[in-house]
Amino acid sequence: MAEKIPESFHTKASLVVYKDCKETRDKVGTMETTMTTAVPKLTTLHPRISFNSFSLRFSLTFPAKKTALVKHTCSPSHIPLRVSASSQSQAAVEATKVSSIPSEMKACVYGEYGGVEVLKFDDKVSVPEVKEDQVLIKVVAAALNPVDAKRRQGKFKATDSPLPTVPGYDVAGVVVKVGNQVKELKEGDAVYGNINEKALEGPKQFGSLAEYTAVEEKLLALKPKNLDFIQAAGLPLAIETAYEGLERTGFSAGKSILVLNGAGGVGSLVIQLAKHVFGASRIAATSSTGKLELLRSLGADLAIDYTKENFEDLPEKFDVVYDAIGQCDKAVKVVKEGGSVVALTGAVTPPGFRFVVTSNGNTLKTLNPYLESGKIKPVVDPKGPFTFSQVAEAFSYIETNRATGKVVIHPIP
């Protein structure tokens, strides 16, 4: 039986950094993850699950050595934003060193639907073929979304791509090959995007949790110059969902909005987009006690502690309620007559509505100036980034619905 990805590793918000010497490693201190720093690259060996991209047969082998992991420490009372970055980051330097494209790559895979126990590592996955309208990306960082977990659980297997699957929607990396119909992107470009145009309809068999992934040019945008790959990887699906949802409600300057789960991946971006892009007159948002200050820093005028008060009992009504947690039955009680309720998950109560986001590189291009000016800031969960060997733990964490901002995987081998 194949060895599973390790789950019992506790991540925290600061890194213990070690200085490499020939004969020893001396502990030299700690630094908060809010600083931009290069994490020492660890050489890892994982169980291998060899498969042909068009076959469902598996062969299992085991290496003698196991992964060494970076330990983390965290203060739960402080949730920092990753706002500093350098376009000359170590990740960029490493990514641009690709001299030749191999035929096989390392990837996270699953060959059956189920819990995190179905996730395996495979270092013999075929590098995906590049179609005429696609580019091949050397993945530097990837991010998880709730849809990744639902897909792995088989919630929409009727419209899923064939198993086995390399999961992952969000990607940030460097273009290493272009199809002959690609018009703008070129080799060496740092890009980011949501690799699946339709989240629930035939998502790619080879996702972003791998060394390489092939993506249509129209789904990508150049990475904002002021963001590192970790920050950029956490944006695409969430910011596209936030933006499309606001557009579908007809949200515009002078309107008010209530955001449920304002500290989550989508909610944290809805707050910022509503304020800086759409011109909201008033923004309210919900979170737990420890995240109220984060809501205010993102632009919320009213931060509501859902552990102490019921938002549905507020005397105030809103033009739009953006439900990113699954409480549509309560959300409709605080929307103005003629207003809109966006429900991303859970049962939908009229006048609430649900939509499935469409990946669009033009949306990212539209929003890049707001990101590069610092008006909109990516929020990366302080427990991360999770290492590639901690993918199972990252999945378990995102399934708690307790993540702050986005859960990012970095480095990718």
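Which residues line the largest cavity? The lining is formed by Gln231, Gly234, Leu235, Gly265, Ser268, Leu269, Pro378, Val379, Val380, Gly405 and Lys406. The model is predicted, so local features require pLDDT of at least 70 and side-chain atom pairs pLDDT 80 or more, while totals for chains, interfaces and linings use all residues. Residues are numbered from 1 along each chain as its sequence is written, and side-chain values use heavy atoms, with hydrogens and water left out.

The volume of the largest cavity is about 50 Å³, and the structure holds three cavities of 30 Å³ or more. On a 1 Å grid over the protein atoms alone, a cavity is a set of points where a 1.4 Å probe fits but cannot get out; a pocket is an open set with protein on both sides within 12 Å along at least five of seven lines, and lining residues have an atom within 4 Å of a point. Grid points are joined across faces, edges and corners, and a volume is the space filled by probe spheres set on the points. By class, five nonpolar, five polar and one charged residues line the largest cavity (Ala, Val, Leu, Ile, Met, Phe, Trp, Tyr, Cys and Pro count as nonpolar, Asp, Glu, Lys and Arg as charged, and the others, Gly among them, as polar).

The largest pocket has a volume of about 950 Å³. It is lined by 36 residues, of which Pro146, Val147, Lys150, Leu344 and Thr345 are the closest to its centre. Two or more lining residues come from each of helix H2 (146-152) and H4, where helices (H or I, at least four residues) and strands (E, at least two) are DSSP runs numbered from the N terminus. H2 gives the largest share, four residues. The lining of the largest pocket comprises 19 nonpolar, eleven polar and six charged residues.

Helix H4 (residues 236-248) also packs against helix H8 (residues 361-372), in that their axes come within 10 Å and cross at roughly 85°. Axes are lines fitted to C-alpha atoms, for helices over the stretch in contact, and angles run from 0 to 180 degrees between N-to-C directions. H4 and H8 are therefore roughly perpendicular to each other (65 to 115 degrees). Contact (heavy atoms within 4.5 Å) is made by Pro236, Ile239, Glu240 and Tyr243 of H4 and by Thr363, Leu364, Thr366 and Leu367 of H8. These residues divide into five nonpolar, two polar and one charged.

Twelve salt bridges are counted, each being a side-chain nitrogen of Lys or Arg within 4 Å of a carboxyl oxygen of Asp or Glu. One joins Lys124 and Glu104 at 3.7 Å, N to O. Lys124 lies in strand E7 (residues 120-126) and Glu104 in strand E6 (residues 104-109), so the pair ties together parts that are 20 residues apart in sequence.

Most residues other than glycine have a negative phi, and most peptide bonds are trans. A cis peptide bond joins Leu163 and Pro164, with omega about 0°; Pro164 is in the loop between H2 and strand E9 (170-178). Pro350 and Pro351 are also joined by a cis peptide bond, with omega about 10°, and Pro351 is in the loop between strand E17 (335-343) and strand E18 (352-353). Asn261, which is not a glycine, has a positive phi of about 70° and is found in the loop between strand E13 (256-260) and helix H5 (267-276).

How values were computed
Angles under 35 degrees count as roughly parallel, over 145 as roughly antiparallel, 65 to 115 as roughly perpendicular and the rest as oblique.
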